[in-house]
Amino acid sequence: MSQEQPKKELSAIKGTRDILPEEARIWQIAEAQAKEIFTLYGYRELRAPIIEPTELFEKGTGASSDIVTKEMYTFTDKGGRSITLRPEYTPSVVRAIIEHRLDLQPLPLRFYYIGPMFRYDKPQKGRYRQFHQIDIEVFGEKDPAVDAEIVEMAHRLLKKLGVENVLTLVNSVGCKKCRPAYGEALRKAAQAVKEKLCPDCQRKADINPLRIFDCKVETCREAASTFPKITDYLCPDCRQHFQKFLEYLDFYGINYQVEPTLVRGLDYYTKTAFEIVTENLGAQNAVCGGGRYDDMVREFGGPDLCGIGFAMGVERLLSVARIEKPRDSFVYFAYMGEEGKKQSLATARLWRSKGIECLVEFKDRGLKAHFSRANKIGADWVLIIGQDELSKGKFQLKNMLDSKQYEGTSEELAELILKQGQKT
RNA sequence: GUGAGUGUAGCUCAAGGGUUAGAGCACCGGACUGUGGAUCCGGUGGUUGGGGGUUCGAAUCCCCUCACUCACCCCA
């Protein structure tokens, strides 16, 4: 370490942040609960690399999408390859399926994954440049029952994490057969009333008329209410799929709202699209977004394998979750003298192998200072090893919560701690 | 990428052109050498985000820049 203070402080780069131990505990719990629930539904973890060839996302996410055109972290590696930090997870899974011929395994395939994604966005509430997603995918299952099942599974997880007041929005975005006709009709309707729209929406009328639906300007809202709805343009196949999807949602008793203006951001979606939104998230109110992508694998040059999945933003999830932090219970060793220190080290080593969390600090202090320290760092137990204890061969163990003190051998006291630990 | 707001101690905030930038909490130590939490006393900690300008004098006013926050866009 240099003696001079660095002139410029180093800090985490824009849109990224450190998750400090206290918060990391919450993450661990949320992740463990997600894994547990997904496993109950037959999902298995599939870990793909964080970096991928840039063209994977150009092909999979869509070369014209905002994500690919302006939000990717792309660089050239030393071999001259164009590499991108993944902005989403689905293309990686599709690549892995094709690469390892996972489609030859018994279908359907159910995968989950939790990890960081990267988008060069402007950070704001619930939106970061490095953010984390809980992601699940099902491949090779056409039945709309699975569409409803993943929504039900998402609800189960949200409930488990104490997320309240969620609203589930559902829609069908059609397929390659019926979507073009709708797009045409919508564009036509938007052009017809273009003069009445705000400048922003006039621009949208040309680029992406669907976005006019969520403008806040009153005149735009009025105009938008006269626009055609995608649900009126669905082909028989898509219509049937959507109806069955809703039927299964009803079967599960899931409260949902059909939102004909709901479109997923990415180009590859077909049929089912859904979003789970909640209050208290500001403008980024979606905690979960998902949908079906029946053409994606084939368009990648893979087999004709349909897919569906959802992603949850972990940061958003945790900002509305209510997770209780479990109290960690550990033993603090209050020793005196070199002999007491060595006895502490030996005892801690033994106790740890029994599964007891032990903390020996390498500082000889007075007993009062030891207790003060133990209290400050939140020890549940203090084991006293001083001259008296060493000569007797029996130690004093104090419970810091109820102030009761016990005397016994190492084995007796270890048993006592383990027994009490099970009670709580 | 566009717009607005905010940057003072580890945290929450005072000082609003005029001595040496303060307080609470936190941290360290003492009162207290075999038993913690309480109380009291003391201490460490700051180029006021950074740079430039105005002024006799700037945390305070102006410009630039960076970061954070919120919104637009887009999205988890």
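Trainee: Let me start with Tyr 41; where is Tyr 41 found, and is it buried or exposed?

Mentor: A residue is called buried when its relative accessible area is under 20%. In this predicted model, Tyr 41 has a relative accessible area of 15%, so it counts as buried, and its place is the loop between α1 (21-40) and β1 (44-45).

Trainee: Which residues does Tyr 41 touch, if residues up to four places away in sequence are not counted?

Mentor: Contact here means heavy atoms within 4.5 Å. With those sequence neighbours set aside, Tyr 41 touches Arg 110, Glu 149, Glu 152, Met 153 and Arg 156. Arg 110 lies 69 residues from Tyr 41 in sequence, while the C-alpha atoms of the two are 8.7 Å apart in space. The side chain of Tyr 41 also makes polar contacts, one of 2.6 Å with the side chain of Glu 152 and one of 2.7 Å with the side chain of Arg 156.

Trainee: How should I read a helix such as α2, and which of its residues are buried?

Mentor: In α2, which spans residues 54-62, the buried residues are Thr 54, Leu 56, Phe 57, Gly 60, Thr 61 and Gly 62. Viewed along the axis of α2, these residues fall within an arc of 150°, and therefore they line one face of the helix. The face turned away from that buried side carries Glu 55 and Lys 59, which are exposed.

Trainee: What covers the buried residues of α2?

Mentor: The cover includes the strands β2 (51-53), β3 (73-76) and β4 (82-85), together with the helices α3 (66-70), α4 (90-99) and α10 (296-299).

Trainee: Turning to RNA strand B, which residues come nearest to it?

Mentor: Of the 46 residues around RNA strand B, the nearest are Arg 127, Arg 211, Lys 368, Glu 389 and Ser 403.

Trainee: Which parts of RNA strand B lie by Lys 125 and Gln 405?

Mentor: For such a pair, we ask which part of each partner supplies the atom. A backbone N or O atom of Lys 125 is 2.6 Å from a phosphate oxygen of the RNA, whereas a side-chain N or O atom of Gln 405 is 2.6 Å from a base oxygen.

Trainee: How many residues of each class does the surface near RNA strand B have?

Mentor: That surface has 20 charged, 15 polar and eleven nonpolar residues, and its largest share, seven residues, comes from α13.

Note on methods
Residues numbered from 1 in each chain as written. Chains lettered and ligands numbered in written order. Predicted model: local features only at pLDDT ≥ 70, side-chain atom pairs only at ≥ 80, totals over all residues. Heavy atoms only, no water. Helix = DSSP H or I, 4+ residues; strand = E, 2+ residues; numbered from the N terminus. Buried < 20%, exposed > 50% of the residue type's maximum accessible area, 1.4 Å probe, protein only. Polar contact = N/O pair within 3.5 Å; in protein donor to acceptor, adjacent residues only side chain to side chain. Arc of directions from axis to C-beta. Near = heavy atom within 4 Å. Nonpolar A, V, L, I, M, F, W, Y, C, P; charged D, E, K, R; others polar.
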